[in-house]
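Please keep the sequence and the structure in view while reading.

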Amino acid sequence: MNRPIRRALLAALFALLLAACGQVTPMDSFAPAGPEAHRILNLSTPVFIIAGVIFLLVEAAIVFAVWKFRDRGDDLEPTQIHGNTRLELLWTIIPALILAGVAIPTVKAVIDLTTRPGDGMEVKVTGHQWWFEFQYPNHDITTANVLVIPVGTPVDLEMTSADVVHSFWVPRLAGKRDVIPGQTTYLKLQADEIGEYWGQCAEFCGLGHANMRIRVQVVSQEDFDAWVADQRQPAVEPANGTPAAAGKDLFLNKGCTSCHVIDGVSDTAQAAAPNLTHIASRDVIAGASLNFTEDDLKAWLANPPAMKPGSYMPNLHLSSDDIDSLIAYLEALK
Ligand code: CUA
């Protein structure tokens with residue numbers, strides 16, 4: 001290997017090591033923030049330690065054997081042996097016990113974390129190509145991309161898919177669970193610290209897979225109650241003659257209504273795209289891959305598939321004036 005390549009590899013390795021020791025990253029399963037995620041880490045840490053100890057023992061035995069029985073140039077054939085019942089029993093029984101020791105708590109945890117939920121707050125999750133929809137049946141709320149939950153409260157996710165298999169994964173809060181069309185899968189999660197957590201669809205589901213993200217916003221119970229009250233308000237009606245009113249007209253006439261719901265404005269039964277009734281209360285768009293900022297909204301509305309490959313939202317060839325009006329309307333939808 002020549003020198004520049006070796007140097008580059010060393011630098012990359014060093015960067016990886018630094019990254020591993022650095023601060024908590026948004027999708028760090030080694031930094032659990034709730035009981036379910038803690039339980040998973042408490043399972044994987046001892047397994048990792050056991051595997052590490054076994055690795056060291058096996059490597060040490062190999063090195064010892066290589067050194068001890070090395071060729072000494074005396075052409076003597078070592079003693080030949082065949083079979084040792086006691087040893088063979090031992091090296092069958094010990095690994096079997098270790099595997100059972102690992103398997104029993106693991107299977108129990110998998111069952112506990114994914115069976116039909118109990119008494120937590122219910123949220124229905126629907127995977128779409130390429131965004132997640134969240135419905136709060138007890139609060140009569142439908143939203144997308146951002147899952148808002150109160151701190152310290154158990155949440156029961158009831159998940160299904162509208163198209164292909166996706167996988168719901170917020171590493172700091174819970175394990176990974178497939179989201180399957182025609183089936184309901186369950187996942188429990190809880191966050192014990194206020195803040196934001198990130199997740200990612202973890203099953204390849206087509207072109208937009210890498211941009212199918214989840215933002216979990218954990219708030220105090222008071223803030224959650226206020227959020228619920230806001231979400232239950234009807235969509236803001238822009239005043240006549242404002243840019244937002246022009247944007248609403250565009251929304252109604254450019255085909256947006258065939259996929260997007262805005263309560264009281266557009267009630268398509270086939271909600272193939274995120275509900276926009278309160279889009280301005282979310283800080284992300286496009287499968288949580290872009291921000292709810294003027295720059296991102298402009299780029300997105302100008303050409304969605306260019307911003308998120310595979311996007312089913314087509315390029316509507318909007319003029320920049322139209323885009324400005326639409327953004328004024330979207331920003332009014334708090
Ligand atoms: Cu949805 Cu990958």
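This is a predicted model: local features need pLDDT of at least 70, side-chain atom pairs count only at pLDDT 80 or more; totals for chains, interfaces and linings use all residues.

Partly exposed describes a residue whose relative accessible area falls between two limits, since buried means under 20% and exposed means over 50%.

**Helix α3 to helix α2**
- A salt bridge joins D112 and R39, whose closest N and O atoms are 2.9 Å apart.
- Because D112 sits in helix α3 (residues 85–114) and R39 in helix α2 (residues 35–68), this pair ties together parts that are 73 residues apart in sequence.
- D112 is partly exposed at a relative accessible area of 26%, and R39 is likewise partly exposed at 29%.
- R39 and D112 also belong, with K108, to a network of linked salt bridges.

**A loop to strand β10**
- In the salt bridge between D283 and R215, the closest N and O atoms lie 3.2 Å apart.
- D283 is found in the loop between α5 (243–253) and β11 (284–285), while R215 is in strand β10 (residues 213–219), so the pair connects parts 68 residues apart in sequence.
- D283 is partly exposed, with 33% relative accessibility, whereas R215 is buried, with 6%.

- K248 and E237 form a salt bridge through their side chains, with an N to O distance of 2.8 Å.
- Since K248 lies in helix α5 and E237 in the loop between α4 (221–231) and α5, the parts tied together here are 11 residues apart in sequence.
- K248 is buried at a relative accessible area of 14%, but E237 is exposed at 52%.

Terms used:
Residues are numbered from 1 along each chain as its sequence is written. Side-chain values use heavy atoms; hydrogens and water are left out. A salt bridge is a side-chain nitrogen of Lys or Arg within 4 Å of a carboxyl oxygen of Asp or Glu. Helices (H or I, at least four residues) and strands (E, at least two) are DSSP runs, numbered from the N terminus. Buried means under 20% relative accessible area, exposed over 50%, partly exposed in between (1.4 Å probe, protein chains only).
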